Amino acid sequence: MPNILILGAGRVGSSVAEQLVHERYNVTIVDNDASLLKPLADRLDLRTLLGSANSPKTLIAAGIEDTDLLLAVTPYDEVNIVACKIAHDLFNVPIRLARIREQDLLSYPSLFNDSGFAVNHVITPAQIVTDYLVSLIETTEALQVLEFADGLAKMIAVRVEAGSQMDGQDLAYLARKLNPTECRVVSIYRSNQRLKPNGQVSLKSGDEVFFLAASRDVSRVISEFCTQTHPIRRITICGGGNVGYRLAKQIEKRYAIKLIENNRDRAQWLAEHLRDSLILHGQATDEDLLENEQVDRCDLFLALTSDDEDNIMSSLLAKQMGARRVVSIINRSRYVDLLQGGKIDIALSPAQITIGALLAHVRQGDIVAVHSLRRGEAEAIELVAHGTPDTSKVIGRKIEDIKLPQGADLAAVIRDNTVLMAHHDTVILNNDHVILFIDNKSHIRDVEKLFAVSLGFF
């Protein structure tokens, strides 16, 4: 069983620790704040250690000499960098991931090679969340957007709207309606209960449907679940922190952006660095401000501050005042579960969005991408199948002959840059990229074993 050492028990560190413990990994987590460690020790089967993450003495006490994977995710770039350097130079830890925030450092990737800071993989949560938000903006009406095979395929979560083409229809009707366009429905959730998709399942208004399709076909498929799709033109962003700024910078030339920031100095800085966005100094919970800025004409309202309560209240207020669609960043996972799909159209946990980038390096096998779904309850993975019919349980076999774990669905195969929807007679070949949906995390290890080509990390 691999030994994983996590440095930093904040939101990212604690979320990934919880995930890995549930998957039966050996986890140790280090932090210099006892108040962060105690709740983890009380409810999870892991080892905690109070101390400095960049101290060799602390790292030795944490078991770094036997560590297979180091995740340095403290809030401080310099601590994460030093920890990775120590792990490489003194203890020869094979895989070292560091959370890096400073854009100036990220501009020089050569700094992170083994002769420099010795960081195998850099994780930047703010950019991961930003990219995720861009995908949501570009995919109108989607609840989740997950990319595979460098963007060739996407897995989309969408809610069935009353009166839409698929309201009251079965999945066989969807296949006939889309022909020759193909998609694969991998899961349906009704009142938080999963329904296994088959041709006889009839959809109802409010159902949450996960489907996979070639990226070029996504809009066509979504239109079957919605009464109409609304193009996004006007976007209001609440909060000009790391995520709010990065997002506005990335999309301001394509959309009409208003960004509300309550700190005057930060608002001034944003105005100097965002030339195509309108920067407003004020509180996003100020009803008069929202009314004056015509929030009722807003296609998308994004609450992206670091304060959960402000995000929730500003989103609810914007929705009540007429904003068509509202998205809120919420750090506390219990709040996400309470608010998702109610007055707030999409409630996002930054930790859950970020966790996939970490898990891709933890999983055993040739894993390309990992995406956490439904607040961590399910997972979608892209992996590369290797071997021959004599050395692999999947190569050269039809999907109907592969014994997938219960709750696992092989959705598609990417071969020669072509997306092939999985059918019962689809044969898996060496070097195929395989996309799987797994509704129960306890079966992840079984999937890894099924596709295994060797032990250890890739």
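The following legends describe close-up views of a predicted model.

View 1. The buried positions are Pro125, Ala126, Val129, Thr130, Tyr132, Leu133, Val134, Ser135, Leu136 and Ile137. An α-helix has 3.6 residues a turn, so residues three or four places apart point the same way.

**View 2. The second largest cavity, lined in part by α6.** This cavity has a volume of about 60 Å³. Its lining consists of Leu133, Leu136, Ile137, Ala142, Ile232, Leu300, Leu302, Arg325, Val327 and Ile346. At least two lining residues come from each of α6 and β15 (300-303), and α6 makes the greatest contribution, with three residues. By class, the lining has nine nonpolar residues, no polar residues and one charged residue.

**View 3. The largest pocket.** The space in the largest pocket amounts to about 1,100 Å³. Among the 48 residues that line it, Arg11, Arg99, Arg101, Ser306 and Asn331 lie nearest its centre. Seven elements are to be located in this view: α1 (11-22), β2 (26-31), α6, α9 (242-251), β13 (256-261), α12 (308-320) and α14 (350-362) each supply at least two lining residues. The element that gives the most is α9, with four residues. The lining divides into 19 nonpolar, 21 polar and eight charged residues.

**View 4. Helix α12 and the residues at its ends.** Asp307 caps the N-terminal end of the helix, placing a side-chain oxygen 3.0 Å from the backbone nitrogen of Glu309. Within α12, the buried residues include Asp308, Asn311, Ile312, Ser314, Ser315, Leu317 and Ala318. Gly322 follows the helix and has a positive phi, near 120°. This helix also supplies at least two residues of the lining of the largest pocket.

**View 5. His371 in strand β18.** His371 belongs to strand β18, which covers residues 367-373. Its side chain reaches the backbone oxygen of Glu147 at a distance of 3.0 Å. Leaving aside residues up to four places away in sequence, His371 touches Leu146, Glu147, Phe148, Ala378, Glu379 and Ala380.

View 6. Most residues other than glycine have a negative phi, and most peptide bonds are trans. Glu141, although not a glycine, has a positive phi of about 80°. It is placed in the loop between α6 and β7 (144-148). With a relative accessibility of 7%, Glu141 counts as buried, since the limit for that class is under 20%. Asp150 likewise is not a glycine, and its phi is positive at about 55°. The loop between β7 and β8 (153-159) contains Asp150, which is exposed, with a relative accessible area of 86%.

View 7. The bond from Asn179 to Pro180 is cis, with omega near 15°. Pro180 is situated in the loop between α7 (171-178) and β9 (183-190).

**View 8. Asn417 and Ala149.** Asn417 occupies the loop between β20 (408-415) and β21 (418-421). Its relative accessible area of 66% means that Asn417 is exposed. Although Asn417 and Ala149 are separated by 268 residues in sequence, their C-alpha atoms are 8.0 Å apart in space.

Note on methods
Residues are numbered from 1 along each chain as its sequence is written. This is a predicted model: local features need pLDDT of at least 70, side-chain atom pairs count only at pLDDT 80 or more; totals for chains, interfaces and linings use all residues. Side-chain values use heavy atoms; hydrogens and water are left out. A polar contact is a pair of N or O atoms within 3.5 Å; within protein, one must be able to donate a hydrogen and the other to accept it, and residues adjacent in sequence count only if both atoms are side-chain atoms. Contact means heavy atoms within 4.5 Å. Buried means under 20% relative accessible area, exposed over 50%, partly exposed in between (1.4 Å probe, protein chains only). On a 1 Å grid over the protein atoms alone, a cavity is a set of points where a 1.4 Å probe fits but cannot get out, and a pocket is an open set with protein on both sides within 12 Å along at least five of seven lines; lining residues have an atom within 4 Å of a point. Grid points are joined across faces, edges and corners, and a volume is the space filled by probe spheres set on the points. Ala, Val, Leu, Ile, Met, Phe, Trp, Tyr, Cys and Pro count as nonpolar, Asp, Glu, Lys and Arg as charged, and the others, Gly among them, as polar.
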